[in-house]
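User: I've got a model open and want a quick tour. Can you walk me through it?

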Amino acid sequence: MGTNAVNSGEQMDRQSRILEAALDLLSRHGISGVSMRAVAREAGVALGLVNYYYDDKTSLIRAALRRVDEHDLLLVAPDPSSGPEEQLRKALRRVAAADLLTTRYLSLRLHLWALAQADEGYAQINAEAFDRYLDGLAALVSNAQPDLSWETCRERAADIVVIQNGMWLTALLGVDEASIQRSIARTEQIAFAPLQDHTIKDHELYES
């Protein structure tokens, strides 16, 4: 392995540590707890290194938001090893993975949503990330339900996201595993409902 490759790997590792430190601080203290100095201390690197990669706090936060966006897209990434229906089911279950239903992660989501409400620049990043996630989820629905129009697939994806966000929010209150599984079942029923049953009543969603 050449020196350039090693240096590139080290650079990516340092940047990753800096971004993870910023996200950790966001999850614990919100935007007020994030500063270049605090991130450097949390990441265990020199302040000058943080300033080398990021011009200011705003550019650092934007990079951290994009890191979350990349992670979200992995939740709806296609899995060529599975058929279309199983790919969709895996994606719908993936949002309830143990590493996502943690206080740290859920608190981070709350702070990121608050940021989007408070700052136009952050709001744009959040909106663009949301659209990419919706498109990814809608593509999985479309592959599993090829007779549906793209508009219908995207509508179903939007309905599913409402349930997923609600599940994340209420998980902070200690909702039991049975409730989580019911929420996942609701998303599957929306995703796989026949075209004529696109409008699903609440009592139908809860039927086993």
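Analyst: Start at Arg66, which is found in helix H4. Helices here are DSSP runs of H or I, at least four residues; strands are E runs of at least two, and numbering starts at the N terminus. This is a predicted model: local features need pLDDT of at least 70, side-chain atom pairs need 80 or more, and totals for chains, interfaces and linings use all residues. Residues are numbered from 1 along each chain as its sequence is written, and side-chain values use heavy atoms, leaving out hydrogens and water.

User: What does Arg66 count as at 45% relative accessibility?

Analyst: Arg66 counts as partly exposed. Buried is under 20% relative accessible area, exposed is over 50%, and partly exposed is in between, with a 1.4 Å probe and protein chains only.

User: How far apart are the C-alpha atoms of Arg66 and Asn126?

Analyst: They are separated by 8.7 Å, yet the two residues sit 60 residues apart along the chain. Asn126 also turns up at the largest pocket, where it is among the residues that lie nearest the centre.

User: OK, the pocket. What volume does the largest pocket have?

Analyst: About 310 Å³. That is the space filled by probe spheres set on grid points, joined across faces, edges and corners. A pocket is an open set of points on a 1 Å grid over the protein atoms alone, where a 1.4 Å probe fits, with protein on both sides within 12 Å along at least five of seven lines.

User: Which residues lie nearest its centre?

Analyst: Asp72, Arg109, Trp113, Asn126 and Phe130, out of 19 lining residues. Lining residues have an atom within 4 Å of a point. Helices H4 (57-75), H6 (103-118), H7 (120-144) and H8 (150-171) each give two or more residues to that lining. H7 gives the most, with six.

User: Changing topic. Where is Asp79 found?

Analyst: In the loop between H4 and helix H5 (84-94). Ser81 lies in that loop too. Their side chains make a polar contact of 2.6 Å. (A polar contact is an N or O pair within 3.5 Å; within protein, one atom must be able to donate a hydrogen and the other to accept it, and residues adjacent in sequence count only through side-chain atoms on both sides.)

User: Is Ser81 buried or exposed?

Analyst: Exposed, with a relative accessible area of 65%.

User: What does Asp79 touch, not counting residues up to four places away?

Analyst: Gln87 and Lys90, where contact means heavy atoms within 4.5 Å. With Lys90, a polar contact of 3.1 Å joins the two side chains.

User: And Ser27: buried or exposed?

Analyst: Ser27 is buried, at 5% relative accessible area. Its place is in helix H1 (residues 3-29). A polar atom of its side chain lies 2.7 Å from the backbone oxygen of Asp24. Beyond neighbours within four places in sequence, Ser27 is in contact with Arg104, Ser107, Leu108 and His111.

User: Zoom out. How many helices and strands are in the protein chain?

Analyst: There are 10 helices and zero strands. Buried residues make up 40% of the chain's 208 residues. Among contacts between residues at least 6 apart in sequence, 63% join residues at least 24 apart.
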